[in-house]
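I open this notebook to record what I looked up in one protein model. The entries follow the order in which I consulted the structure.

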Amino acid sequence: MTREPEPEPARSPALPMTVPAEGLPVRVRVHEVGPRDGLQNERAIVPVEVKAEFIHRLAAAGLTTIEATSFVHPRLVPQLADADALFPLLADLGGTHRLPVLVPNERGLDRALELGAREIAVIASVTESFSRANLNRSVDEALAMFEPVVARAAASGVPSRGYLSMCFGDPWEGPVPVERVVAVARRLHEMGCAELSLGDTIGVATPGHVAALLTALDEAGIRASRLAVHFHDTYGQALSNTLTALRHGVTTVDASAGGLGGCPFAKSATGNLATEDLLWMLAGLGIDTGVDLGRLTATSEWLAGHLGRPSPSRTVRALTRDPGTSRTSRHTRTSHKES
């Protein structure tokens, strides 16, 4: 595959100003979900070569965990129907980067293992309505389906991540009791998922709700070190919710380059937390991520050109507003070590 030339990010003033705050982690791992959770919600089918280039550019920007694709049935998510063609194009990243893939069942696991996937993820809903809409199964039926997937993956030396959808609210059922989320989290934890990602699928969480859930999970024996958070920004709360999670000891945050994404099975779900917006906040707090904000912004602007619309990320828009720097952005690597 011939790689497109990557624009060199421009240098500009060292902003944001770094002002650390107490009670926050020294380093955060960004779990980039743009190639999977972001592109799956696009109306247009993105060519497989563009997807591969996108992932390579994300890796070049310093992201070390990039969720590559999903091995679901092509009829359900046609935007990711090229998973079998895409994954071999990423072979050069296999030794240096984590490239987890989503699998819905044992058939999906078979496809992923055949192509050499070394990490997988499953998605369970904590509400019955969304479980039926997304998987056509009850919550218990879906968890039973995932048990052999996680067990077989573990037997192959492949760790599993468990996503929990609708942790903070459901478009059909409304508020979701904290204890229900804890119950599903315990099931996934007990079946062997190495990490659990708490999903605010429709973006209705607020900081107090986030704190209450994390406290309840800790009391149930599921420590923050085993958790990630996955916020959508429907009501503009994603960053404040993320900061709350960091104060509770969470150090893994899901985000999507350029703010891509939503959920094809929940029409009220809007974009994911933009990786660039997350990086801007973390840079100001002096928290290390190892990701170059300038190169990532250039990547999101490049992809926006392929998608035919501007990036929804506020940070991408702010850094590319000046016509003189419209092809690049600030060359700022978010690391407290360099502050």
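**Entry 1: Overall make-up**

How many helices and strands does the protein have? I find twelve helices and nine strands, where helices (H or I, at least four residues) and strands (E, at least two) are DSSP runs, numbered from the N terminus. I note at the outset that this is a predicted model, in which local features need pLDDT of at least 70 and side-chain atom pairs count only at pLDDT 80 or more, while totals for chains, interfaces and linings use all residues. Residues are numbered from 1 along each chain as its sequence is written, and side-chain values use heavy atoms, with hydrogens and water left out.

I looked up burial next: 57% of the 339 residues count as buried. Buried means under 20% relative accessible area, exposed over 50%, and partly exposed in between (1.4 Å probe, protein chains only). The protein exposes about 13700 Å², of which carbon and sulfur atoms supply 53%; these areas come from the Shrake-Rupley method with a 1.4 Å probe, and for residues only the protein chains shown count as cover.

I then turned to contacts (heavy atoms within 4.5 Å). Among those between residues at least 6 apart in sequence, 78% join residues at least 24 apart.

**Entry 2: Nonpolar cores**

Which residues touch the most other members of the largest nonpolar core? They are V101, L164 and L188, in a core of 91 residues. Helix 6 (residues 139-155) gives this core its largest share, eight residues. Another core, of five residues, lies apart from it and has L102, A121, I123 and Y163 among its members. A nonpolar core is here a set of buried Ala, Val, Leu, Ile, Met, Phe, Trp, Tyr and Cys residues joined through side-chain atoms within 4.5 Å.

I listed the neighbours of V101, not counting residues up to four places away in sequence: V101 touches A68, T69, F71, F87, A112, A117, E119, I120 and A121.

Is strand 7 enclosed or open to the outside? Six of the six residues of strand 7 (residues 195-200) are buried, so the strand is largely enclosed by the rest of the structure. I checked each face: E195, S197 and G199 are buried on one side, and L196, L198 and D200 on the other.

Strand 7 runs parallel to strand 6 (residues 160-165), and four bridges join them; two strands pair if DSSP finds at least two bridges between them. L164 has L198 as its bridge partner in strand 7.

V181 is found in helix 7 (residues 178-191) and counts as buried, at 0% relative accessibility. Its C-alpha atom is separated by 8.6 Å from that of F168, 13 residues apart along the chain.

**Entry 3: Salt bridges**

Side chains of opposite charge can pair when their charged atoms come close. I took a salt bridge as a side-chain nitrogen of Lys or Arg within 4 Å of a carboxyl oxygen of Asp or Glu. By this rule the count comes to 18.

R152 forms a salt bridge with D110, with the closest N and O atoms 2.6 Å apart. Why does this pair tie together parts that are apart in sequence? R152 lies in helix 6 and D110 in helix 4 (residues 106-114), so the parts joined are 42 residues apart in sequence. R152 is partly exposed at 31%, and D110 is partly exposed at 25%.

R314 and D233 meet in a salt bridge at 3.5 Å, N to O. R314 lies in helix 12 (residues 314-319) and D233 in the loop between strand 8 (227-231) and helix 9 (238-247), so this pair ties together parts that are 81 residues apart in sequence. R314 is exposed, at 58%, whereas D233 is partly exposed, at 22%.

R180 and E173 also meet in a salt bridge, at 3.0 Å, N to O. R180 is partly exposed at 30%, as is E173 at 31%.

I also recorded a network of salt bridges that links R29, R161, E195 and D254. E195 is one of the buried residues of strand 7.

**Entry 4: A surface patch**

Which residues form a nonpolar patch on the surface? L15, M17 and V19 do, with about 310 Å² of accessible area together. Patches are made of residues with over 30% relative accessible area and no salt bridge; like charges are joined within 9 Å, and nonpolar side chains (Val, Leu, Ile, Met, Phe, Trp, Tyr) within 5 Å. M17 is found in the segment before strand 1 (29-32) and is exposed, with a relative accessible area of 64%.
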